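The following note sets out numbered remarks on the model shown below.

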Amino acid sequence: MRVARTIVVAPDALRLVHQVHGRGVLVARGAAPAGRHWPDADVIVSDDPSVAIVVRVADCAPVLIGDRRLGVVAAAHAGWRGTVQRAAPAAVTALTETFGSRPADLMAAIGPSLGPCCGEVGDEVVEAFRDAGHDAAALARWFAPGASGRPHVDLWRANRDQLEAAGVPSDAIHVAALCTKTHARVLHSYRADRERAGRMAGVIRVKGRR
Ligand SMILES: [Zn+2]
């Protein structure tokens with residue numbers, strides 16, 4: 001598997017999940033169980049340098065988090081549904097509760113994903129955010145009308161705001177700000193290529209021995 005080669009781990013050291021657009025957490029330690037038996041989850045955390053945790057995306061935002069003090073890591077899969085459900089803060093909480101992380105020690109990267117330029121959605125998406133308790137100020141920051149007048153969602157800002165609200169320092173949150181659809185020739189975009197779209201891997205591993 002190309003991802004494994006790139007980050008120099010054995011293929012069975014990659015820990016993947018069956019992503020269901022939620023906020024369920026897998027604590028990954030040790031090699032993956034035999035077979036492709038991936039648990040349902042959209043957040044993975046690990047303190048094990050022998051594994052690399054992976055979220056797969058093609059427009060959804062991959063959020064990777066590292067703890068500068070403890071060295072533990074998290075990955076979250078945050079499309080609009082995951083962002084509604086606060087998947088990125090769920091990753092912060094999982095690090096805090098599982099390993100004793102302090103949010104102030106965390107740094108985060110939000111990888112290439114659908115940008116506000118191309119993030120046209122229906123009103124039902126705005127409603128889903130509202131129904132989940134995101135307030136008017138948040139909605140005003142995360143949605144803006146596009147050329148057609150329909151709302152565009154800004155996953156980058158929403159995930160940044162949610163991470164900040166969870167206590168991750170603003171200057172420790174890095175946003176790639178690369179839109180997958182705009183750059184569909186070099187990135188994978190479901191909106192651009194539908195069923196033919198490939199997937200990109202957001203991968204992070206605890207530093208140390210392999
Ligand atoms: Zn775009």
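**Notes on the predicted model**

1. Strands β2 (residues 25–27) and β3 run parallel and are joined by 3 bridges. Helices (H or I, at least four residues) and strands (E, at least two) are DSSP runs, numbered from the N terminus, and two strands pair if DSSP finds at least two bridges between them. Within this pair, Val-25 stands opposite Val-43 of β3, and Val-27 stands opposite Val-45 of β3.

2. On provenance, this is a predicted model, in which local features need pLDDT of at least 70, side-chain atom pairs count only at pLDDT 80 or more, and totals for chains, interfaces and linings use all residues. Residues are numbered from 1 along each chain as its sequence is written.

3. The protein chain contains 7 helices and 11 strands. Its radius of gyration is 17 Å, close to the 17 Å that the globule rule gives for 210 residues, so the chain is as compact as a globular protein of that length. The radius is taken over C-alpha atoms, and the rule is 2.2 Å times the number of residues to the power 0.38. Along the principal axes, the C-alpha atoms fill a box of roughly 50 × 40 × 25 Å.

4. Of the 210 residues in the protein chain, 46% are buried. A residue is buried if 20 or more other C-beta atoms lie within 10 Å of its own, exposed if 12 or fewer, and partly exposed in between, with C-beta atoms placed from the backbone. Among contacts with a separation of 6 or more, 64% are between residues 24 or more positions apart; a contact requires C-beta atoms, placed from the backbone, within 7 Å.

5. Strand β3 (residues 43–46) is covered on both faces: Val-43 and Val-45 are buried on one side, and Ile-44 and Ser-46 are buried on the other. In a regular strand the side chains alternate between the two faces of the sheet. β3 is also joined to strand β6 (residues 73–78) by 4 bridges in the antiparallel sense, with Ser-46 opposite Val-73 of β6.

6. An open sheet of 6 strands, with mixed pairing, has the order β2-β3-β6-β5-β7-β10. β2 and β10 (173–175) stand at its edges with a single partner strand each, so one side of each has no neighbour in the sheet. From one strand to the next, the twist averages 15°. Helix α3 packs on this sheet, touching β2, β3, β5, β6 and β7 (106–110), and its direction makes about 155° with that of β6. These angles run from 0 to 180 degrees between N-to-C directions, with axes as lines fitted to C-alpha atoms, for helices over the stretch in contact.

7. The 13 residues of α3 (residues 87–99) should span 18 Å at 1.5 Å a residue, and the end C-alpha atoms are 18 Å apart, which agrees; the expected span is 1.5 Å times one less than the number of residues. Buried residues of α3 include Ala-87, Pro-89, Val-92 and Leu-95. Just after α3, Gly-100 takes a positive phi of about 80°.

8. Helix α6 (residues 155–165) has 8 of its 11 residues buried, so it is largely enclosed by the rest of the structure. Among these buried residues are Trp-156, Arg-160 and Asp-161. α6 lies across β5, β6, β7 and β10, running at about 175° to β10. Gly-167, with a positive phi near 105°, follows α6.

9. Which residues touch the most other members of the largest nonpolar core? Of its 62 residues, they are Val-43, Ile-44, Val-63, Ile-65, Ala-74, Ala-76 and Ala-91. The largest share of this core, 7 residues, comes from α3. Such a core is a set of buried Ala, Val, Leu, Ile, Met, Phe, Trp, Tyr and Cys residues joined through C-beta atoms within 7 Å. Leaving aside residues up to four places away in sequence, Ile-44 touches residues including Arg-15, Leu-26 and Ile-53.

10. An open sheet of 3 strands has the order β1-β4-β11, with mixed pairing. Its edge strands, β1 (14–15) and β11 (200–205), each pair on one side only. β1 pairs with β4 (residues 52–57) in the parallel sense over 2 bridges, and Ile-53 of β4 is the bridge partner of Arg-15.

11. His-21 has a positive phi of about 60° and lies in the loop between β1 and β2; His-21 is partly exposed, with 16 other C-beta atoms within 10 Å. Asp-59 has a positive phi of about 115° and is found in the loop between β4 and β5 (61–67); Asp-59 is buried, with 26 other C-beta atoms within 10 Å.

Technical notes
Two residues are in contact if their C-beta atoms, placed from the backbone, lie within 7 Å.
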